Amino acid sequence: MSAWLPTAPCTPRDCSTHQGPSVGVLIGSLRLLAGVGLVLAGALVAPFLTLLGGAARDWLTRRWARMALRLFGLRVRVVGEPPPGRGPGTLVVANHVSWLDIPLLAAVFPGRMLAKSEIRSWPLLGALAALGGTLFVERERLRALPTTVRTLSTALTAGSRVIVFPEACTWCGREHGRFTSAVFQAALDANAAVRPVRITYRAPDGEPSGAPAFVGDDTITASLWRVVTAGGLTAEITVLPLIPAGRHTDRRELARDARSGIAGTVRDDGVARTAVMAGVPHTTVASDNANRPSSSVHQCASSIPASASSVRTRS
């Protein structure tokens with residue numbers, strides 16, 4: 001992996017724990033079979049969705065995503081502003097915890113995801129992502145960055161909702177990585193609004209659960225089994241206030257504004273401070289010089305040192 005890419009200190013051993021009830025092997029197996037089965041069914045149906053109008057496609061996508069999460073054993077809870085309908089092109093940015101973030105966002109904000117180019121070659125899921133209008137980015141090539149920004153800007157100008165994980169890496173959810181700023185340049189170029197979204201996975205007692213976290217050297221098999229055997233998980237998505245087009249003219253300031261809302265921080269005179277939500281501290285940093293494009297479903301190995309453009313906080 002390139003030294004330019006962000007990394008996180010989160011590991012499965014330290015972060016992927018669930019303080020709550022668990023279900024037995026039978027229930028877990030049934031959840032796994034049902035959830036994977038629905039994903040496969042979605043892959044078969046996806047080509048036909050392109051024949052539908054936007055509103056009908058969004059409705060079916062929301063229903064499919066909510067059902068998939070439910071079959072994997074999670075309830076969905078939406079907090080904050082009501083999820084908006086179709087409108088002008090909007091950049092939706094969220095913190096990145098798990099592969100579950102994808103269906104969770106699709107359940108509320110159907111749109112075009114930004115994903116690393118390797119996903120295109122994944123069996124079945126790659127084709128499903130491409131059919132869903134995913135925008136792929138070659139993370140290892142700095143020369144591809146201007147093209148990626150132009151592609152995002154074009155999609156936003158055309159009225160698409162584009163979903164991005166600016167951390168460019170999965171974190172445990174108790175701490176947050178810094179935001180790459182390049183994707184926010186696309187919003188500025190397209191004169192598009194930015195919608196920050198906070199993702200939290202909670203145990204039955206309301207405290208954050210690490211079971212869904214897909215971090216470090218975790219495998220998809222281990223992550224899937226951890227999720228389906230965790231009892232009482234809730235996938236919570238907090239819809240934060242829209243950052244209207246024109247509020248910022250600098251991409252780094254726009255990135256900091258979006259990140260401070262997602263991390264639950266309060267800014268006074270340009271200084272970021274730590275705030276506490278649900279008893280869990282969230283830390284932010286005062287500056288962001290990272291310019292690499294972010295990608296979805298990207299898992300970072302904690303053993304890889306962070307680059308000079310990426311600041312790490314202890315998870």
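## Helices H7 and H9

In this predicted model, the axes of helix H7 (residues 182–190) and helix H9 (residues 251–262) come within 8 Å and cross at roughly 110°. Axes here are lines fitted to C-alpha atoms, for helices over the stretch in contact, with angles running from 0 to 180 degrees between N-to-C directions. H7 and H9 are therefore roughly perpendicular to each other (angles under 35 degrees count as roughly parallel, over 145 as roughly antiparallel, 65 to 115 as roughly perpendicular and the rest as oblique).

On the H7 side, Phe 184, Gln 185, Ala 187 and Leu 188 meet Arg 251, Leu 254, Ala 255 and Ala 258 of H9. A contact means heavy atoms within 4.5 Å.

## Helices H2 and H3

Helix H2 (residues 25–49) and helix H3 (residues 54–71) have axes that come within 8 Å and cross at roughly 165°. This angle makes H2 roughly antiparallel to H3. Arg 31, Ala 34, Gly 35, Leu 38, Val 39, Gly 42 and Leu 49 of H2 form the contact with Arg 57, Leu 60, Trp 64, Met 67, Ala 68 and Leu 71 of H3.

The crossing of H2 past H3 is left-handed (the near helix is turned anticlockwise from the far one by less than a right angle; clockwise would be right-handed).

## Asp 58

Helix H3 also contains Asp 58. Asp 58 is buried, with a relative accessible area of 8% (buried means under 20%, exposed over 50%, partly exposed in between, with a 1.4 Å probe and protein chains only). Leaving aside residues up to four places away in sequence, Asp 58 touches Arg 86 and Pro 110.

## Overall architecture

The protein has nine helices and eleven strands (DSSP runs, H or I of at least four residues for helices and E of at least two for strands, numbered from the N terminus). Of its 315 residues, 53% count as buried. Among contacts between residues at least 6 apart in sequence, 81% join residues at least 24 apart.

## Confidence and conventions

The mean pLDDT (the predictor's confidence in each residue, from 0 to 100) is 77, and 70% of the residues reach 70 or more. Over residues 266–294 pLDDT stays under 50, and the model has 97 contacts beyond four places in sequence for them. Residues 301–315 also stay under 50, with 42 such contacts.

Residues are numbered from 1 along each chain as its sequence is written, and side-chain values use heavy atoms, leaving out hydrogens and water. Local features need pLDDT of at least 70 and side-chain atom pairs count only at pLDDT 80 or more, whereas totals for chains, interfaces and linings use all residues.
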